[in-house]
Amino acid sequence: MKDRFKTFQSNGKIKCYSIPIESYEKTITDNGAMILNWWDNIEQESISKSLEYKYCLFTDITDFYPSIYTHSIPWAIHGKNKTKSDIKKSTKWYGGKIDSKIQRMQHNQTNGIPQGSSLMDFISEIILGYIDLKLSEKLEDKNINEYKILRYRDDYRIFSNSKNDIERIVKILHEVLQSLNLKLNSNKTYLSENIILDSIKKDKLYWEPKRATLRNSYLNKKKYDKGAITLQKHLWQIKELADKYPNCGMLKKSLTEFYLERVSNIEENPNDLEILVSILVDIMTKNPNAIKYCVIIITSLYKGANPIYVMQRVKQILKKYSDRPNTEHVEIWLQRLTKSCSISLDYENIFKSPLTKHISKASENQIDTIFPIEWVDNNTHYLSEFKDTTIIDKDKYNRMIKEVVASEIDSLFKDIY
């Protein structure tokens, strides 16, 4: 596999910076290392390329993860022609085994792979690396040499001094993608002559000036006295960002700073507590990527509040999600809130997720299965194993501190990016 990736990356003019990496610094998480990788090698590198190139074309692949053809995994690893020449034998190769397992995860469908884990990000990079290789080969055949391509997952930035060459490169990329049942997103494809500004994400361009004003106000509170912005007005600004750029990276950063710099050290409940919580709940219901950030802030705001009062608010928050699918993520983080506030809840009536119920019962030395086991034969020895197995580390759960720590919300722990 390592040799295959060396082949994918053999063309120095096509650079990929999205292969999952591990952080070796204590102050930076793996996710933080990936953020810095984007910052250093995509955003910063793009700006520097403006000195060398006149034009940059920005594009990405339409619905990449849901559109991946699982058979393209063995094609990418072993070669398409080699795989298709002996389909029956290729199913036993490790590329074929990956293909088979992913299909079985999705009811034997051959379209799409799950999204959200580093493992699936890595598998997607196998296919994207294969695309890089095929694109490189075709560009060489067409004698196109004056270009530079930066890729982060399915996002492409194509640099050249010739509009004609960029059009030819995009056409060839389209043909390569088409051979794998993929296509470019025409709505996100545009040619830029203002490389510096267009290299920076729109949400960042929008938020950074506001961020500077906000931080200057509350970090210099003594200097500005009554002019210091309130928590509520600060949250209005963050909500405006969330409405304008849903689920954007700057939303997570703005909430992280709001927590670390303004909320984490609050000693008493604010007078406008419910208004602050209402704004945060509105943000999290419309921006799933912000759920954990909002819940952690709410946890800090409710610090010292009456547990029964907090329990009522947890019920209200869950009610907001009653007509929404896939609420388990919300329940898990709200369970973190109840742990922080020392609340003993009736989980049967509050939380509906099998996982949250399992966590609560495991912490009380009770075992409850997550998956239905009624179908297992009562006479089989496997039944007792199902009943006696828990995925919860009870000791770690019981040792979990009440206070939320920086590592739970901040990937970098410092303002680098």
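Author: Helices here are DSSP runs of H or I with at least four residues, strands are runs of E with at least two, and both are numbered from the N terminus. The model is a predicted one, where local features need pLDDT of at least 70, side-chain atom pairs count only at pLDDT 80 or more, and totals for chains, interfaces and linings use all residues. Residues are numbered from 1 along each chain as its sequence is written, and side-chain values use heavy atoms, with hydrogens and water left out.

Reader: Okay, how many helices and strands does the protein chain have?

Author: The chain runs to 417 residues. Counting its elements gives 22 helices and five strands.

Reader: Let's pick a loop residue. Which is L51, buried or exposed?

Author: L51 sits in the loop between α2 (30–49) and β2 (55–60). Buried means under 20% relative accessible area, exposed means over 50%, and partly exposed is in between (1.4 Å probe, protein chains only). L51 has 80% relative accessibility, so it counts as exposed.

Reader: And how far apart in space are L51 and I196, C-alpha to C-alpha?

Author: In sequence, 145 residues separate L51 from I196. In space, C-alpha to C-alpha, the separation is 9.6 Å.

Reader: What about I126, buried or exposed?

Author: I126 belongs to helix α8 (residues 118–141). Setting aside neighbours within four places in sequence, I126 is in contact (heavy atoms within 4.5 Å) with M1, F5, F8, I73, A76 and I77. Its relative accessibility is 1%, so I126 counts as buried.

Reader: Now some packing. How are α15 and α16 oriented, parallel or antiparallel?

Author: In general, you describe two packed helices by the angle between their axes and the distance between the axes. Axes are lines fitted to C-alpha atoms, over the stretch in contact for helices, and angles between N-to-C directions run from 0 to 180 degrees; under 35 is roughly parallel, over 145 roughly antiparallel, 65 to 115 roughly perpendicular and the rest oblique. Helix α15 (residues 273–286) packs on helix α16 (residues 291–301) at about 170 degrees, with the axes 9 Å apart. Therefore α15 and α16 are roughly antiparallel.

Reader: By class, what residues make up the contact of α15 with α16?

Author: From α15 you have L273, L276, V277, L280, V281, I283 and M284, and they meet I291, C294, V295, I297, I298 and L301 of α16. Ala, Val, Leu, Ile, Met, Phe, Trp, Tyr, Cys and Pro count as nonpolar, Asp, Glu, Lys and Arg as charged, and the others, Gly among them, as polar. That contact has no polar residues, no charged residues and 13 nonpolar ones.

Reader: Which hand does the crossing of α13 and α14 have, left or right?

Author: These two pack at an angle of about 165 degrees, with axes 9 Å apart. That means α13 is roughly antiparallel to α14. A crossing is left-handed if the near helix is turned anticlockwise from the far one by less than a right angle, and right-handed if clockwise. The crossing of α13 and α14 is left-handed.

Reader: How many charged residues does the contact of α13 with α15 have?

Author: The axes of α13 and α15 come within 10 Å and cross at roughly 15 degrees, so α13 is roughly parallel to α15. Residues making the contact include Q232, W236 and K239 of α13, and I279, D282 and K286 of α15. The contact of α13 with α15 splits into 10 nonpolar, one polar and, for the charged class, three.

Reader: Which residues touch the most other members of the largest nonpolar core?

Author: A nonpolar core is a set of buried Ala, Val, Leu, Ile, Met, Phe, Trp, Tyr and Cys residues joined through side-chain atoms within 4.5 Å. The largest one has 48 residues, and those touching the most other members are L251, L255, M284, I298, L301 and L334.

Reader: Which residues does L251 contact, leaving aside its neighbours within four places in sequence?

Author: L251 is one of the α14 residues that meet α13. Beyond its neighbours within four places, the contacts of L251 are I238, L241, A242, I283, N287 and A290.

Reader: Last one: which residues does V330 touch, not counting those up to four places away in sequence?

Author: V330 is in helix α18, and with a relative accessible area of 2% it is buried. V295 is 35 residues away from V330 in sequence but 8.4 Å away in space, C-alpha to C-alpha. Not counting residues up to four places away, V330 touches M284, I291 and Y321.
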